[in-house]
Amino acid sequence: MNLYFRLFWLLLWRMRHARSIDFLEVSRLAFRAWPTDCDINMHLTNARYPALMDLARTFMLAEMGLLKPFLQRKWLPVVNASEFTFIRDIKPLRKFHIDTRILGWDEKYFYIEQRFVSERGLHAIANVRGLFVCQGRKIATTELLQAAQYQGNMPQLAEDVLTWKQLLQSKKQQNQA
């Protein structure tokens, strides 16, 4: 339930006071680990990370000035895959932020990195592969880039992201019947 409050806070307050960033800039959204976010080990529960990441990606779109235009087109973001590396825990009541950035894209997917950081340093890194859909139709990357008015070059995906991409393709092929 507390994520609904965070979502309303994000939509009603944070987005109105958001800075404007370029398409490939890092977006930063601050949080605090509330006791309801934590598990019996007294740290941020693993299930909370993806939920907070959803909010951070929404905020990134708002900072880019793309949230309203995409929603007006009824383009909805969908996570296709994610992978996490947990480094150190986040204790209750600790402040932290999520840095979100687009790593690159291909003809179908965007690849996004999200880092959980506090004054103690890096806590977790997650990579997310996603796309946008509209009424069951996948929105082509070229169409999204055009709507975002992005004119720059496509960044080169890092080797670890390319390896992850190959792993995902391999898993898909092995499990198709």
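Helices (H or I, at least four residues) and strands (E, at least two) are DSSP runs, numbered from the N terminus. This is a predicted model, where local features need pLDDT of at least 70 and side-chain atom pairs count only at pLDDT 80 or more, while totals for chains, interfaces and linings use all residues. Residues are numbered from 1 along each chain as its sequence is written, and side-chain values use heavy atoms, leaving out hydrogens and water.

**Figure 1. The whole chain, from end to end.** By that count, the protein chain has five helices and six strands. The C-alpha trace spans about 40 × 40 × 30 Å along its principal axes. A compact globule of 177 residues would have a radius of gyration near 16 Å, so the 17 Å of this chain agrees with that. That radius is taken over C-alpha atoms, and the globule rule is 2.2 Å times the number of residues to the power 0.38.

**Figure 2. The largest nonpolar core.** Here's what a nonpolar core is: a set of buried Ala, Val, Leu, Ile, Met, Phe, Trp, Tyr and Cys residues joined through side-chain atoms within 4.5 Å. Buried means under 20% relative accessible area, exposed means over 50%, and partly exposed is in between (1.4 Å probe, protein chains only). The largest one has 40 residues, and Phe23, Leu52, Phe70, Trp75, Phe96, Ile102 and Phe116 have the most contacts inside it. At least two core residues come from each of β1 (27-32), α2 (48-64), α3 (67-72), β3 (95-105), β4 (110-118), β5 (121-134) and α4 (141-147). The top contributor is α2, which gives 10 residues. In soluble globular proteins, nonpolar side chains tend to be buried together.

Figure 3. Contact means heavy atoms within 4.5 Å. Leave aside the neighbours within four places in sequence, and Ile102 is in contact with Phe23, Leu24, Met60, Met64, Phe110, Tyr111 and Ile112.

**Figure 4. Glu113 and its arginine partners.** A salt bridge is a side-chain nitrogen of Lys or Arg within 4 Å of a carboxyl oxygen of Asp or Glu. Glu113 makes one with Arg101, with the closest N and O atoms 3.0 Å apart. The two sit 12 residues apart, Glu113 in strand β4 and Arg101 in strand β3, so the pair links distant parts of the chain. Glu113 counts as buried because its relative accessibility is 9%, whereas Arg101, at 32%, counts as partly exposed. Glu113 also meets the side chain of Arg115 in a salt bridge (3.1 Å, N to O). Arg115 is partly exposed too, with a relative accessible area of 29%.

**Figure 5. Lys165 meets Asp106.** These two side chains form a salt bridge (2.9 Å, N to O). Lys165 belongs to helix α5 (residues 159-175) and Asp106 to the loop between β3 and β4, and this pair links distant parts of the chain, 59 residues apart. Lys165 is partly exposed at 24% relative accessibility, while Asp106 counts as buried at 10%.

**Figure 6. A charged network.** Asp89, Lys91 and Arg120 are linked in a network of salt bridges. Across the structure there are nine salt bridges. Side chains of opposite charge can pair when their charged atoms come close.
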